[in-house]
Amino acid sequence: MDVPLWFALLVVGYLGVKLIRPPAWLIAVLLLGGFLLADSVLAPAINSLIK
């Protein structure tokens, strides 16, 4: 069964918000921080650490 990555992330995010109920500011900070880090100078360093 092939599930697209965007769909899996959407399901995990939805379940995490429904079950854990984090504050809205924390969700916004994580999304914005991830978006900004992905397009920064640190992206190659983070990518090499993950792989």
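## Helix α1

Of the 16 residues of α1, 0 are buried, so this helix lies largely in the open; buried here means under 20% relative accessible area, exposed over 50% and partly exposed in between, with a 1.4 Å probe and protein chains only. This is a predicted model, in which local features need pLDDT of at least 70 and side-chain atom pairs pLDDT 80 or more, while totals for chains, interfaces and linings use all residues. Residues are numbered from 1 along each chain as its sequence is written, and side-chain values use heavy atoms, leaving out hydrogens and water.

From its first C-alpha to its last, α1 reaches 22 Å, close to the expected 22 Å, a span taken as 1.5 Å times one less than the number of residues. Helices are DSSP runs of H or I with at least four residues, numbered from the N terminus. After α1 comes R21, with a positive phi near 55°.

## An aromatic pair

The structure holds 1 aromatic pair (ring centres within 6.5 Å; planes under 30 degrees apart are stacked, over 60 edge-to-face, the rest tilted; Trp counts by its six-membered ring). The rings of W6 and F7 have centres 5.9 Å apart and planes at 80°, so they meet edge-to-face. W6 is exposed at 60% relative accessible area, and F7 is partly exposed at 38%.

## The lining of the largest pocket

Both α1 (5–20) and α2 (24–38) supply at least two residues of this lining, and α1 gives the most, with 6. Among the lining residues are L9, V12, G13, P22 and L31. The lining divides into 8 nonpolar, 2 polar and no charged residues, with Gly counted as polar.

How values were computed:
1 Å grid on protein atoms, 1.4 Å probe; cavity = no way out; pocket = protein on both sides within 12 Å on 5 of 7 lines; lining within 4 Å.
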